[in-house]
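Please open the model in your viewer and follow the stops below in order.

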Amino acid sequence: MKFDAPAGKNLFDNARIVGKSTRRIDGPLKVTGAAPYAYERHDVIPNQAYGWIVGAGIAKGRITAMDTSDAEAAPGVIAVLAAPKMQPVGSSPFNYAPLFGGSDVTHYHQAIACVVAETYEEARAAAALIRTRYDRGEGTFDLKAKKSTAPMSGEPKTRGDFDAAFASAPVTVDETYSTPGESHMSMEPHATIASWQGDQLTLWTSNQMIAWSKDALAAILGLDAANIRLDSPYLGGGFGGKLWVRADAVLAALASKETGRAVKIVMQRPLIANNTTHRQATIQRVRLGAEKSGKITALGHENWSYNVPSAGDGETATAQTPVLYAGDNRYVAEYCARLDLPEGNAMRAPGEAPGHLALEVAMDELAEKLGMDPIALREVNEPGKTVPGQPDKQFSERNLVRCMKEGAELFGWSKRNAKPGLVRDGRYLVGMGMAAGFRGSPTMKSAARVKLAANGHVTVETDMTDIGTGSYTIIAQTAAETMGVPLDHVTVELGDSAYPASAGSGGQWGAASSTAGVYAACVALRRKIGEALGFDGDAATFADGKIVAGDKTHALGDAGAMSAEDAIEFGKFQRDYNIGTYAAHFCEVAVDAYTGETHIRRMLSVCDAGRILNPLSARSQVIGAMTMSVGMALSEELAVDPRFGFFVNHDLAGYEVAVHADVPHQDVVFLDTPDPAISPIKAKGVGELGICGPGAAIANAIYNATGIRVRDYPLTLDKYLDRLPALV
Amino acid sequence: MKAFTYERAKSPAEAAAAVAGREGAKFIAGGTNLLDLMKLEIEAPTHLVDVQDLALDKIEETNDGGLRIGALVTNTALAAHPKVRKDYAVLTRAIVAGASGQLRNKATTAGNLLQRTRCPYFYDPNMPCNKRVPNSGCAAAEGFSRQLAVVGTSDKCIATYPGDMAIAMRVLDAVVETVLPDGKTRTIPMAEFHRLPGDKPWLDNTLGKGELIVSVRLPAPVGGQHFYHKVRDRRSYAFALVSVAAILNDDGSGRVAFGGVAHKPWRVEAAEALLPQGAGAVVAKAFEGASPTEHNKYKITLAERTLAGVIAEARS
Ligand SMILES: Cc1cc2nc3c(=O)[nH]c(=O)nc-3n(C[C@H](O)[C@H](O)[C@H](O)COP(=O)(O)OP(=O)(O)OC[C@H]3O[C@@H](n4cnc5c(N)ncnc54)[C@H](O)[C@@H]3O)c2cc1C
Ligand code: SF4
């Protein structure tokens, strides 16, 4: 199905199942532990051996000697794969840092060996017997030190004369913000079971992007992609960390080849931060110049980030800036240093998530300087119907102002004291903050197969993944709606590369694209049924398990078992639009006036994100993202030791994600604004929107509470303790 | 984890002798700290003597009106004990500020006292660490030391004792009771139980080889208002940046110990005598001679501000 023009009125406008809060159809499996995650798939292949990854103890240099003799002689050991004895594996467009093989070390905890044994414990014990000597090289690990020499990536996005406008603006803000590196730290670590049958390789793994990763693995291992099968029906989180093939998959495949056994490998928790990918740190300079009315005349955002020497972009934190606000004169630029830290790559809302932490705080600073309410300031700078500077690109749907106004009403924003540091509740300083949020809403081709059984049961097969987001359920809802059957007459099978290739889960494109793909396949099936029974499948009504075509009624299964496959392909017309999602985020905090501890009291996000397919799971997505924003604002940081060139706090004790006690009360409101430009279903993703802005709302609330502005994330108390009210 | 042998001791003296008589032997109680360290081979005992069958899981009143807490009493049971909640509230508050419900169900009183530091370099076997490998160096001193000690440090080690329960026990003048391998017993005041790193940071405490903790004795209740304020980067499930255990009397006098700042619970009696003068005076005295790093010097300000908050609460 080609989606070549904005959708007209269709069955989803009178939906009975899509758009209704629906419990996850995989929920019972999840809560009873019956949904098997990659490492738990004991039954897929017999006689599984266990692999253990050894990570490099240096960040840069060469392995000069590796003695594996004791490990090889250890009880239960089947094989030891030593990187210096093996050719480096190939690379794929999705991997920058080397994954395995050879003596060169380019980042800390790079996989340098893998021990395969009969048990997990034996593999682990033997791995500790490997003795490695290194020639440690000089590396560059400090973004701040490399900032001034980092080259610009691409062209700056300029408009008008920024310098002149900024110089002449009556009110200006010129501040620099920094955000630290972050780790996805999914509950489920990366894990794979690999097995070969002849030249056929099967991987039971934990991966967000099945089709990409199948091709990537083919490139990395020098195989024909047709000989690879990936299966990943359940993931315990991904957040972008599992968009790619990582060392667990590569080593399981190599180790299985070497041993002739199925081999299972989990990326040990202490390796994840340095071995896999991370969100890179940023340093961002934001310059805003405004007239007294609040109208922004100069909008400058420059961002410095990094990636590995061989390739890759930085964390592109300016992504939202060209779209969010009007402003005639602009200077937006990205710089990318080359550091010898681990590879940086996508993490939930790459670019925008840290970008909002700077831009949306700068807006707060500007509002204060202007003596304006932060919402009023944003309203003044709301662009018209087209993207600023791109008169041919219209916003498909944009209800940011509505989000802010409805949010303000619900949150009680009018009770905020605009003067900071004045609201006291016992020992706490209390404040409110808000921020706007934008996240793009891309789409990607997505295919599915729909099978109809003679009893009218519908089965959907697509390699789409459910990373905890609720894909199973929204796909079932879409198929049930289109085929006119109750939800429990639909079975959804996901994550297997043997199924038609979907858009996968990433970039907030999964929900919109994959449901549209399933819709396309269902439409093809309806036509096929119509052909068999002699009616026009597009014109007939499919409802309640029956088909009404003209004056005839059929049972859904009357044409017998059949199946159809199709893909949704998104047409070029979408380029005429900026298709995005918007939100207004609010937060109230109490900061302990003695200790500086921040207690979040309540949070609210009002989201403009198209038709909401399943309000229940969409809400879960947003509260999850708000929670991740709490960690991002207050505690998460990959601490770099610039002497050794690694992330020091590489476990869940040292890398502090938010816990329940940090998030007492969260509300989410969806405007439910169907967007005809995105897909026939008019629905967009929300999973990343929720992390674009709440962190800035928290920062602004802390400022409102204390009158102290900290521009270096995370906002830990040591950074402002000495600026808190004096002790009496 | 290295392979090890395992036995379950039947009596305290037998347990002590079993560990003393064997190179590389260690006790195991709840296992919540030891097993984690064994997985990383930071601890690599060759033999484990499990003490869980020793009937050391009771809390009994002593003749002088205090309490004797068996070494195997869980953190959950100790924190919930009615007399502890009533008369030693600082202890309950300290315990429930630590770890998580699941861990506290498993963690024992003795094991908690003996939990090892959370210095991130101690946890990474690629890094030099005098506590893990004697005389290999200290990666933390010039490194990421935000969590680490500011006072009582040495140039060999700046690690903290990370626990909460012991900080309260220090303020309560608790006494550790042990059985030695020869069957004799010994008592060690909390003040002398943990040691400073000095030249031998690999030694956390003053227990001898095979010496088994059988109980911790609390003296008779001392009254006063009890506080435990633990400051951390998130609101639960994190180790203290700084914690304050305090017992404050109506006349402004009291006792105070600090956690998260030193290799042992940090209580300076000469400093707490200054409590009537306020937090500034106490902290100035208690942290005399402190040698913080650039990363952790905030802890001294934080200690003062946390104590000031506690004093203000006591007054209100
Ligand atoms: C995720 C996590 C978070 C935590 N957070 C906190 C926190 O916030 N605050 C806090 O205070 N603690 C915290 N802890 C530490 C926890 O309190 C300890 O792990 C626990 O108290 C140890 O008790 P255990 O019985 O399990 O000891 P084990 O692990 O069994 O033993 C610890 C040590 O004590 C020795 N030992 C045990 N019993 C005896 C005995 N009777 N005599 C002599 N030696 C003995 C063992 O040989 C071993 O060396 C946390 C732990 C984890 C895993
Ligand atoms: S501070 Fe102590 S525990 Fe940490 S690295 Fe130095 S010696 Fe090891």
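How many residue pairs are in polar contact across the interface of chain A and chain B? The rule finds 14, both residues of each pair being at pLDDT 80 or more, where a polar contact is a pair of N or O atoms within 3.5 Å, one able to donate a hydrogen and the other to accept it, and residues adjacent in sequence count only if both atoms are side-chain atoms. This is a predicted model, in which local features need pLDDT of at least 70 and side-chain atom pairs count only at pLDDT 80 or more, while totals for chains, interfaces and linings use all residues. Residues are numbered from 1 along each chain as its sequence is written, chains are lettered from A and ligands numbered from 1 in the order in which they are written, and side-chain values use heavy atoms, without hydrogens and water.

Next, go to the aromatic rings, of which the structure holds 24 pairs over all chains (ring centres of Phe, Tyr or Trp, the latter by its six-membered ring, within 6.5 Å; planes under 30 degrees apart are stacked, over 60 edge-to-face, the rest tilted). Select A:Trp52 and A:Tyr120: their centres lie 5.5 Å apart and their planes at 75°, so the pair is edge-to-face. A:Trp52 counts as buried at 14% relative accessibility, whereas A:Tyr120, at 23%, is partly exposed (buried is under 20% relative accessible area, exposed over 50%, partly exposed in between, with a 1.4 Å probe and protein chains only).

Finally, select A:Phe3, A:Phe570, A:Phe573 and A:Tyr577, which ring pairs link into a cluster.
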